[in-house]
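The sequence and structure come next.

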Amino acid sequence: MLEIQALTKNFGGVVAVDTLDLTVEEGEIVALIGPNGSGKSTTVNLIAGIFPATSGKVTFKGRDVTDAPPHRTLECGIARTFQNIRLFNELSVWQNLWVAQNAPDTRKSQNFLKRWMSGSAAARRSVEEELAFANLADKRDELAGNLAFGEQRRLELARSLAAKPSLLLLDEPAAGMNLEEVKALDGRLRTLQERGITILLVEHVMGLVMGIADRIAVLNFGRKIAEGTPAEVQADKLVREAYLGTTDSSTSQAVP
Amino acid sequence: MQFWYGLAQLVGVHTILGLSAYVILQTGQVSMAQAGFLAIGAYVSGMLTAMSGWHIVPALLVGGVTAAVIATIVGFPALRVKGLMFVVATIAFGEAVRLFWFNFTFQVKQGAEMVGPIGGEGFKQIRYFPANGWTDLDRAIFILAVMAIVMAGVWWLDRSRAGAVLRAVGEDDLAAQSVGVNLTAIKVTAFAISGFIAGVGGALYSHYTTHIEHLNFGVVLATFAIAYPIVGGLHNVFGTLAAVIFIQGFLVEGLRFLGDWRNLLFGFLIVVAMNVSPRGFVSVYRELSTYWRRRVYGGAIFVIVLILAGEIMGGEIVAFVEGLLGDTGLEYNHMAWVAFLVVMAAWSWRGLASLTRMIPAGLRRLAAVFRQSLGYSAARRPRKVA
């Protein structure tokens, strides 16, 4: 579904992503892990089209989306969330989802005025569905900026889902969450997988990643150092050295 | 009454100008080009009515459309930059428009006289209103009606999905892009809409002043254009109207008796207004209790009734009161003040009571604002730990 070939991004002299190859198949949950600064978020931003790649190619469903701007990649069916929550704080919860209605299947067969004035009936229904799915139906008229942290995370996810994507890029969706919230997120992501949405997940919370991911790719200094099932990655010597830590260092197991 | 009709026309034109800036400010862009669009609308429509003999309504629309087309052309390069760079780019555009009219001379012969703009001397023969026998009241009604239509349009836009998209772009353009908003298209469209509105406002402006010149459309007017929606608040179109009445009605006209000191106080009062209501007049209104909202409505109605009564039958009232007083040595003025105070007190004795609480509270709030703006806050200063 998503194919990344030899993707490279230089910021000045720094090589943030270095000839990365990655394939995501339909219906999969693929996780991207690695130490801070290893190029995970840059990869997500490159796929979403926030900035152009230095070289390499990204194809999605057979279409070249390498240098497509974000609204174009969204139309192709790629939605994303941000590492640090980026909501429209002065808009209400409902309006946040209302804005995100530009995907082709919500856009076709509705006239111009309808689309810009109120959104089609189907689009409004999908807003209601996503609000209910995110457990925010009772907060619909509150300003997004006034929500609690966990609710803001859920709202951001709901907003990206309102555009009816087929691929979801999640940039550290569990950052700052407590165990219970992570568990809820785990369940939510599994439901999304059942709905047929493919997920590319960037995450540091290993409890979540190891349980949910079908495949894991590990980055270090912009290069992919390992790829495989959670078990394979956990067993990989390079990965343990670079990121997960070795069992004989007691600190990595020190969480009570 | 003449004065009030003139003020109504002024408020109408400036509210339209403010609303044009309101639209583009929604997308987070501070545009200093509004005076330029106003100038385009003013000259184009003036030329159409004075030189080609058009009716005012189509001239109004063509003036607006011309400004919108130029806004679209300018918008594509200008909106590639944002923030301060956009401000600089739009100031440059506004000045370019002003200097264009400074150099633009185009006259036609109508009967014995030459009609049309003459460069630096301006455009003097926009006599549509007097030539067609419109009274001051007709003009005021016409201008306020156009203002109401524009206001309703912007209000509607504000509540539509398009309005939410504009606000989303203003809040966080990266996030807006990531949920499928085509930034360039949205920003240029907003700029074109704001250009259209300013063009219509300019058309009204040139017709009610009958004489325009390039100096009318400088940076000061552009600053006013963005000051109205910012002072009024970017959440509701009525804030812009309130700000125009506050700035044009109270600060510019109402303080005229202060002479040149007015300009000093003018700046000071704008700063105070911004500090007391950083999110605009509308937000202050929203925080008011129902009790105080009624006072705001009532106060406005009271002032309007007072003005109307004074204008329509001021002489009769004075003569009647003087006749009652006879030779008691008291004059009308004393009685008017007493009556005013009695009415105020009777009308809201509880209001006056809470006023005594509000004034010290307001002063404390102001003092706190100024302390903070100086970077001084006793409560927050970290204590030294030995």
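## Domains of chain A

In chain A, 9 residues of domain 1 are in contact with 9 residues of domain 2; two residues are in contact if their C-beta atoms, placed from the backbone, lie within 7 Å. On the domain 1 side of chain A, helix α2 (residues 70-76) gives the largest share, 3 residues. Helices (H or I, at least four residues) and strands (E, at least two) are DSSP runs, numbered from the N terminus. By class, this side of domain 1 of chain A has 4 nonpolar, 3 polar and 2 charged residues. Ala, Val, Leu, Ile, Met, Phe, Trp, Tyr, Cys and Pro count as nonpolar, Asp, Glu, Lys and Arg as charged, and the others, Gly among them, as polar.

The assignment for chain A places 1-77 + 167-250 in domain 1 and 87-164 in domain 2. Domain bounds come from an automatic or database domain assignment. Taken over C-alpha atoms, the centres of domain 1 of chain A and domain 2 of chain A are separated by 25 Å.

## Basis of the model

This is a predicted model, in which local features need pLDDT of at least 70 and side-chain atom pairs count only at pLDDT 80 or more, while totals for chains, interfaces and linings use all residues. Residues are numbered from 1 along each chain as its sequence is written, and chains are lettered from A and ligands numbered from 1 in the order in which they are written.

## Two loop residues of chain A

A:N135 has a positive phi, near 60°, in a residue other than glycine. A:N135 sits in the loop between α6 (121-133) and α7 (149-162) of chain A. With 14 other C-beta atoms within 10 Å, A:N135 is partly exposed. A residue is buried if 20 or more other C-beta atoms lie within 10 Å of its own, exposed if 12 or fewer, and partly exposed in between; C-beta atoms are placed from the backbone.

A:F221 also has a positive phi, near 50°, and is a residue other than glycine. The loop that holds A:F221 lies between β9 (215-220) and β10 (223-228) of chain A. A:F221 has 16 C-beta neighbours inside 10 Å and counts as partly exposed.

## Overall build of chain B

Chain B contains 16 helices and 2 strands. The C-alpha trace of chain B spans about 80 × 65 × 40 Å along its principal axes. Chain B has 386 residues, of which 38% count as buried. Among contacts in chain B with a separation of 6 or more, 75% are between residues 24 or more positions apart.

Chain B is divided into domain 1 (2-275) and domain 2 (288-373). The C-alpha centres of domain 1 of chain B and domain 2 of chain B are 34 Å apart.

## Helix α6 of chain B

Helix α6 (residues 136-159) of chain B has 24 residues and reaches 34 Å from its first C-alpha to its last, close to the 34 Å expected at 1.5 Å a residue. The expected span is 1.5 Å times one less than the number of residues. The buried residues of α6(B) are B:R139, B:A140, B:F142, B:I143, B:V146, B:M147, B:V150, B:M151, B:V154 and B:L157. An α-helix has 3.6 residues a turn, so residues three or four places apart point the same way. The cover over the buried residues of α6(B) includes α1 (2-26), α5 (128-131), α7 (161-171), α9 (183-209) and α11 (237-254) of chain B.

α6(B) packs with α9(B) at an angle of about 175°, and their axes are 11 Å apart. Axes are lines fitted to C-alpha atoms, for helices over the stretch in contact, and angles run from 0 to 180 degrees between N-to-C directions. The two helices, α6(B) and α9(B), are therefore roughly antiparallel. Angles under 35 degrees count as roughly parallel, over 145 as roughly antiparallel, 65 to 115 as roughly perpendicular and the rest as oblique. In this pair, B:R139, B:I143, B:V146 and B:V150 of α6(B) meet B:I197, B:V200, B:L204 and B:Y208 of α9(B). The residues of this contact comprise 7 nonpolar, no polar and 1 charged.

## Helices α2 and α4 of chain B

Helix α2 (residues 34-51) and helix α4 (residues 84-103) of chain B have axes that come within 8 Å and cross at roughly 30°. α2(B) and α4(B) are therefore roughly parallel to each other. From α2(B), B:A35, B:G36, B:A39, B:I40 and B:Y43 meet B:F93, B:G94, B:V97, B:R98 and B:W101 from α4(B). By class, the contact of α2(B) with α4(B) has 7 nonpolar, 2 polar and 1 charged.

## Contact between the chains

The contact takes 26 residues from chain A and 18 residues from chain B. On the chain B side, α7 and α8 (173-178) each supply at least two residues. The largest share of the chain B side, 7 residues, comes from α7(B). The side of chain B that touches chain A has 9 nonpolar, 5 polar and 4 charged residues.
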